[in-house]
Amino acid sequence: MRLRVLGLAGSPRRRGNTELLLDQVLAGAANRGAQTEKLILADMRIGPCRECDSCSETGRCVQQDDYQLLYPRLIKAERIVLAAPIFFTGLPAQAKAFIDRCQCFWARKHVLKDPLPSTDTGVQRQGFLVSTAGGADVSFQCAIRAVKAFLETLDAQYGGELSFPGVDEKGAILNHPTALEDAFALGKSLARPGEG
Ligand SMILES: Cc1cc2nc3c(=O)[nH]c(=O)nc-3n(C[C@H](O)[C@H](O)[C@H](O)COP(=O)(O)O)c2cc1C
């Protein structure tokens with residue numbers, strides 16, 4: 001059974017710390033036979049939610065931008081990995097805009113009572129956060145809570161996070177003693193149906 005692993009790079013900094021980690025997660029997953037896809041949110045045109053409530057009538061978002069590419073992928077992927085650094089204790093705007101646009105999934109489920117279909121394989125959706133922060137004793141909780149809420153909307157389990165404080169300069173994660181290996185190991189575990 002080949003699982004789909006969708007990696008979302010949520011930092012505005014290309015090839016920065018979280019994207020380097022995401023690459024390792026996806027490499028680990030591919031190494032174990034998963035079908036991987038990586039999308040760079042900062043390179044996509046994803047406007048913020050306008051709270052127009054149209055999704056309460058249709059279950060879909062009316063804004064015709066690159067979020068429309070994400071919608072079907074979010075339904076199909078058994079594993080979703082959001083990689084995003086901590087900005088002012090929370091998620092960067094690019095990642096948050098994407099999450100807010102998932103309000104259409106919330107409306108579909110809670111207003112229209114139209115449940116999401118299960119994945120093609122029938123394997124439970126699971127999601128993960130991969131994050132770094134410059135501060136040595138920073139909390140990742142704000143980002144974790146937002147990601148948990150987003151995953152709940154997709155009927156996805158929260159599988160956990162890989163978070164590294166004290167990582168600031170671009171590429172600083174490369175000097176961490178275990179981070180890249182940890183990320184690769186997480187990726188390998190994602191390819192297996194029963195684990196995350
Ligand atoms: C706008 C902005 C806000 C930030 N806010 C925080 C913060 O609140 N706490 C913290 O520890 N680091 C903060 N940082 C540092 C980043 O979290 C850190 O550099 C991270 O490793 C960047 O990951 P990236 O290379 O994937 O973008 C901030 C950086 C920027 C640019």
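How many of the 196 residues of the chain count as buried? The share is 41%, where buried means that 20 or more other C-beta atoms, placed from the backbone, lie within 10 Å of a residue's own, exposed means 12 or fewer, and partly exposed is in between. Keep in mind that this is a predicted model, in which local features need pLDDT of at least 70, side-chain atom pairs count only at pLDDT 80 or more, and totals for chains, interfaces and linings use all residues. Residues are numbered from 1 along each chain as its sequence is written.

View 1. Helices (H or I, at least four residues) and strands (E, at least two) are DSSP runs, numbered from the N terminus. Starting at that end, you can follow the order β-α-β-α-α-β-α-α-β-α-β-α. The chain is as compact as a globular protein of its length, because its radius of gyration of 16 Å is close to the 16 Å that the globule rule gives for 196 residues. That radius is taken over C-alpha atoms, and the rule is 2.2 Å times the number of residues to the power 0.38. The C-alpha trace spans about 50 × 40 × 25 Å along its principal axes. Among contacts with a separation of 6 or more, 79% join residues 24 or more positions apart; a contact here means C-beta atoms, placed from the backbone, within 7 Å.

**View 2. A shell of 19 residues lies around the ligand.** A residue belongs here if its C-beta atom, placed from the backbone, lies within 6 Å of the molecule. Gly16, Thr18, Pro85, Gly134 and Gly135 come nearest. Helix H1 (residues 17-31) gives the largest share, three residues. By type, the shell holds seven nonpolar, eight polar and four charged residues. Ala, Val, Leu, Ile, Met, Phe, Trp, Tyr, Cys and Pro count as nonpolar, Asp, Glu, Lys and Arg as charged, and the others, Gly among them, as polar.

**View 3. The largest nonpolar core has 53 residues.** Such a core is a set of buried Ala, Val, Leu, Ile, Met, Phe, Trp, Tyr and Cys residues joined through C-beta atoms within 7 Å. Val5, Leu21, Val25, Val81, Leu82, Ala83 and Val130 touch the most other members. The largest share of this core, six residues, comes from H1. Which residues is Val25 in contact with, leaving aside its neighbours within four places in sequence? They are Gly7, Val81, Val130, Ala183, Leu186 and Gly187.

**View 4. Helix H5 (residues 103-111) has buried residues Cys104, Phe105 and Ala107.** These three are on the same side of H5, because they cover an arc of only 160 degrees around the axis; the arc is that of the directions from the helix axis to the C-beta atoms. The buried residues of H5 pack against helix H2 (55-58), helix H4 (93-101) and helix H6 (141-153). After H5 comes Lys113, with a positive phi near 55 degrees.

**View 5. Glu51 and Phe88 are loop residues.** Glu51, between strand E2 (35-40) and H2, is not a glycine, yet has a positive phi of about 50 degrees. Glu51 is exposed, with 9 other C-beta atoms within 10 Å. Phe88, between strand E3 (79-83) and H4, also has a positive phi, about 45 degrees. Phe88 is exposed, with 7 such atoms within 10 Å.

Methods:
Contact = placed C-beta atoms within 7 Å.
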